[in-house]
Amino acid sequence: MDNFKSKYRYSLILFRELVITDFKIRYQGSALGYLWSLLRPLFMFGILYFVFVHFLRIGAGVEYWPVAMLLGMVLWGFFSEVTSNGMNAIVSRGDVIRKINFPKYVIILASSASALINLLFNLIVIAVFMWVSGVDLHPVALIAPFYVLELLIFGIGLAFLLSVLQVYFRDTAYIWEIISQALFYGSAVIYPVSVVIDQSAFLAKVLLLNPVAQSIQDVRHVLISDVNLTLTQLTSVWWMLVPAGIVVVTFIFGAWLFKKHSPNFAENI
Amino acid sequence: MNNSIAVSVKGVSKNFSLPQERITSIKSGIVNVFRKKNKNLEVQYALKNVSFDIKKGEFFGIVGRNGSGKSTLLKIISSIYKPDSGTVLVNGSLVPFIELGVGFNPELSGRENVYLNSALLGFSKKQVDEMYDDIVEFAELGKFIDQKLKNYSSGMQVRLAFSVAVRANSDILILDEILAVGDEAFQKKCYEYFAQLKNNNKTVILVTHSMENVTRFCDRALILDNGKVVTMGSVKRVTEEYTRQNAQASDPKALKGKKSSKTNDFADIKLVLKNGNNKITEAFYDGIEDRIINIDTELVIKKDISKKVFISLLIKNINGEVITRIATEDIQGETERIGYLKRGDKIKIKSSIQNIFGEGSYYIALSLKSVDRAESYVESEDHAKFTVAGLGTNGFSLRPDNKITLIKE
């Protein structure tokens, strides 16, 4: 028990320090420093907002679509950061892993936490856009964090899995980049689900079985507008078990694989 | 586990598969699956069935030449590597120092790196806060502490890392001798720290190839060679064995001693080392017969030499620094006795010197030069080698009555 406690204490100390370091290094040497965490998404969203409102008319019929799209972009960016940073986290900390033994999962969790911090900054900017667009917040918005948590758990599960593969096969990064692109266009990030429904309702249902598409769509639904139809609306509550199952299985399998292989990291990196 | 044991290593083996080309891409992974025989794999033993116990409060040395498996063993004890078979039991907290400043990031300030490095050693922020001032003071960095690490000299970086490392308050410490790099002042600090650990009865595992350090700090030691424990036990036993092994490694005949013969245009040279009992040897231990080193040199001149000459022997340490010099010109009248050398002349020099040397290996350089230094006829660096071991760091006490006799035939 004592041993367990001290091990847990060590993980916590490391986690804290790794997250702080990550955050400090991110804006190292820039004049505005941490302010960029807010300015960068603000300008990027400004450009996208402009483009989507005035040129692309993809989601023209959807209420508050530009903001919904930005929110999707932010959530996708978060998922992408958790998975790709997590994937490279073990390999890039190789020098430390070769010299001292410590719980390796902390590295993955710390890199996810950094992504989460980044997400929070982005969400502040999103809130500004929501306010500007005149979106009304309803109490149901309080559920949104749970969907973000779902996305986070899915991302961490994949990060565990990918980081192990990346240690043994450096091709993993390139393969994941391709899969990630496919997932991006398959997750209704830059187009509304209604566009897919117009083509085929069946296709829209299949698309929303993907946990990334489902969680992003659910966050849009509760935060921005109920015109963003969710999986449960298109099918039934029971179908939620599919994306939830994918998330749980991915996480458990990823964590199991990671735990199994982490003692071999030092000699294989 | 017995409560007086700090680290117990039982039957530990480790091998590394060394593919000539490491499989890091899926393509080569797949290709290899389809090859029936994987020719690329070459299994190399790093450790073979290694077992030993380290008692609490013991200063334990692990010695071995490069590639003997020391580092692998170190990493297995520190659970950085997993052994293929066998077990390692560690009783208490353990901090390995395979390298100083693990996790140091050049983009962060000295202060931030202190916190990061300390976290890896298991210190919470609060603990670091408390000892922060001491760390900075010990590192002698002053106001540099808030500069980015990339602006530090390597010496400053090492000092900072070391200042954090000495704070580690674990039950068992693993130290790599490589830590003691840097300038003399820093080395001194390191060795003071080692000595302090010894005085505080810490359990320490020291990995080294310096016998001097083993003698100075360790209570017991073991020698690794090719991944196997060759000798384990008292420091005296281990140092003797190590020296014998090293001598053998550089020359298989060395244990018995040998005649070093060399030749050049002007002379054929033979040089033989003997102990006080006139037994040919290259290794000198702590016996009474080892207190004398007899060097017999024989030169057969092959060409007429028109100038007056002198013959000298230089004894150098492993760094090439001259420890002592024996020269015929130092002795009154010897230069005249040698006279002008003609083809076919044979000169024998028997010199007997006190073994005043500390532990280590020494090289003998021989030269034949004109008295006016204008001509150098023979200059043979590293002509012979001898090793002194098992004495502790002090060596025999100094009794300067070196003798030299010369016979001209």
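Predicted model: local features only at pLDDT ≥ 70, side-chain atom pairs only at ≥ 80, totals over all residues.

User: What do the helices, strands and buried residues of chain B amount to?

Analyst: Chain B has 9 helices and 19 strands. Of its 409 residues, 49% are buried. Among contacts in chain B with a separation of 6 or more, 71% join residues 24 or more positions apart. The accessible surface of chain B is about 19,900 Å², and carbon and sulfur atoms hold 48% of that area.

User: Which parts of chain B does the pair of B:Y191 and B:F217 tie together?

Analyst: B:Y191 belongs to helix 6 (residues 184-199) and B:F217 to helix 7 (residues 211-217) of chain B, so the pair ties together parts 26 residues apart in sequence. B:Y191 is buried at a relative accessible area of 15%, and B:F217 is buried at 2%.

User: How are the rings of B:F357 and B:F386 arranged?

Analyst: Planes over 60 degrees apart count as edge-to-face. The planes of B:F357 and B:F386 stand at 70°, with centres 5.4 Å apart, so this pair is edge-to-face. B:F357 lies in the loop between strand 16 (346-354) and strand 17 (360-370) of chain B, while B:F386 lies in strand 18 (residues 376-388), so the pair ties together parts 29 residues apart in sequence. B:F357 counts as buried at 2% relative accessibility; B:F386 is buried with a relative accessible area of 0%.

User: Which residues do ring pairs link into a cluster, and which residue lies over the face of B:Y191?

Analyst: The cluster consists of B:F59, B:F138, B:F162, B:Y191, B:Y193, B:F194 and B:F217. B:R216 lies over the face of B:Y191, 5.0 Å from the ring centre. Elsewhere, B:K303 lies over the face of B:F266, at 5.2 Å from the ring centre.

User: Which residues form the nonpolar patch on the surface, and is A:F43 buried or exposed?

Analyst: The patch is formed by A:L32, A:L35, A:W36, A:L42 and A:F43, which together have about 460 Å² of accessible area. A:F43 lies in helix 2 (residues 36-54) of chain A. Exposed means over 50% relative accessible area; A:F43 has 54%, so A:F43 is exposed.

Technical notes
Residues numbered from 1 in each chain as written. Chains lettered and ligands numbered in written order. Heavy atoms only, no water. Helix = DSSP H or I, 4+ residues; strand = E, 2+ residues; numbered from the N terminus. Buried < 20%, exposed > 50% of the residue type's maximum accessible area, 1.4 Å probe, protein only. Phe/Tyr/Trp six-rings, centres within 6.5 Å; stacked < 30°, edge-to-face > 60°. Lys NZ or Arg CZ within 6 Å of the ring centre and 35° of its normal. Patch = residues over 30% accessible without salt bridge, like charges linked within 9 Å, V, L, I, M, F, W, Y side chains within 5 Å. Areas by Shrake-Rupley, 256 points an atom, 1.4 Å probe, with all protein chains shown as cover. Salt bridge = Lys/Arg side-chain N within 4 Å of Asp/Glu carboxyl O. Contact = heavy atoms within 4.5 Å.
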